[in-house]
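This note is written for a colleague who is new to the structure shown below.

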Amino acid sequence: MRDTLQAIGCPETRAAMREYLRHQILPCRRRRIEDHLVGCPGCIREFVELRESYWMAGAGSHAGLVAAA
Ligand SMILES: [Zn+2]
């Protein structure tokens, strides 16, 4: 088996989650994060929690960000 896409690890995935949630990330990098998340229960859990905190923080004042997603 050979990976054409360079796999990223947990620290890099978690570091990039905030950029991902703000849509400040390149599509190719986003793809790699998604690939990691589906195979890593620890990171997907971290991601869901972070996403919920972003939604709560943005509720009401920045509803436009959610609508643009
Ligand atoms: Zn991970």
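1. Basis of the note. The model is a predicted one, in which local features need pLDDT of at least 70 and side-chain atom pairs count only at pLDDT 80 or more, while totals for chains, interfaces and linings use all residues. Residue numbers start from 1 along each chain as its sequence is written.

2. Overall make-up. The protein has four helices and zero strands, and its elements run α-α-α-α from the N terminus on. Helices (H or I, at least four residues) and strands (E, at least two) are DSSP runs, numbered from the N terminus. Of the 69 residues in the protein, 6% are buried. A residue is buried if 20 or more other C-beta atoms lie within 10 Å of its own, exposed if 12 or fewer, and partly exposed in between, with C-beta atoms placed from the backbone. Among contacts with a separation of 6 or more, 52% are between residues 24 or more positions apart. Two residues are in contact if their C-beta atoms, placed from the backbone, lie within 7 Å.

3. Helix lengths. What distance separates the end C-alpha atoms of α1? They are 17 Å apart, which agrees with the 16 Å that its twelve residues should span at 1.5 Å a residue. Helix α3, with 18 residues, reaches 26 Å from its first C-alpha to its last, close to the 26 Å expected. The expected span of a helix is 1.5 Å times one less than its number of residues. Helix α3 is also hardly covered, as the count of buried residues among its 18 residues is one.

4. Helix α1 against helix α2. The axes of α1 (residues 10-21) and α2 (residues 27-39) come within 11 Å and cross at roughly 125 degrees. That angle makes α1 oblique to α2. Axes are lines fitted to C-alpha atoms, for helices over the stretch in contact, and angles run from 0 to 180 degrees between N-to-C directions. Angles under 35 degrees count as roughly parallel, over 145 as roughly antiparallel, 65 to 115 as roughly perpendicular and the rest as oblique. The crossing of α1 past α2 is left-handed. A crossing has this hand if the near helix is turned anticlockwise from the far one by less than a right angle, and is right-handed if clockwise. On the α1 side the contact is made by T13, A16 and Y20, and on the α2 side by R29, R30, I33, H36 and L37. These residues divide into four nonpolar, two polar and two charged. Ala, Val, Leu, Ile, Met, Phe, Trp, Tyr, Cys and Pro count as nonpolar, Asp, Glu, Lys and Arg as charged, and the others, Gly among them, as polar.

5. Helix α1 against helix α3. The axes of α1 and α3 (residues 41-58) come within 10 Å and cross at roughly 25 degrees. The two helices are therefore roughly parallel to each other. Here the crossing is right-handed. Helix α1 contributes C10, T13, R14, M17 and L21 to the contact, and α3 contributes G42, C43, E46, F47, L50, R51 and Y54. By class, the contact has seven nonpolar, two polar and three charged residues.

6. R14, in helix α1, is partly exposed, with 17 other C-beta atoms within 10 Å. Leaving aside residues up to four places away in sequence, R14 touches C43 and E46. G42, in helix α3, is exposed, with 11 other C-beta atoms within 10 Å. Although 32 residues apart in sequence, G42 and C10 are 8.5 Å apart in space, C-alpha to C-alpha.

7. E12 lies in helix α1 and counts as partly exposed, with 13 C-beta neighbours inside 10 Å. Its C-alpha atom is separated by 8.7 Å from that of I33, 21 residues apart along the chain. E34, in helix α2, is partly exposed, with 14 other C-beta atoms within 10 Å.

8. Most residues other than glycine have a negative phi.
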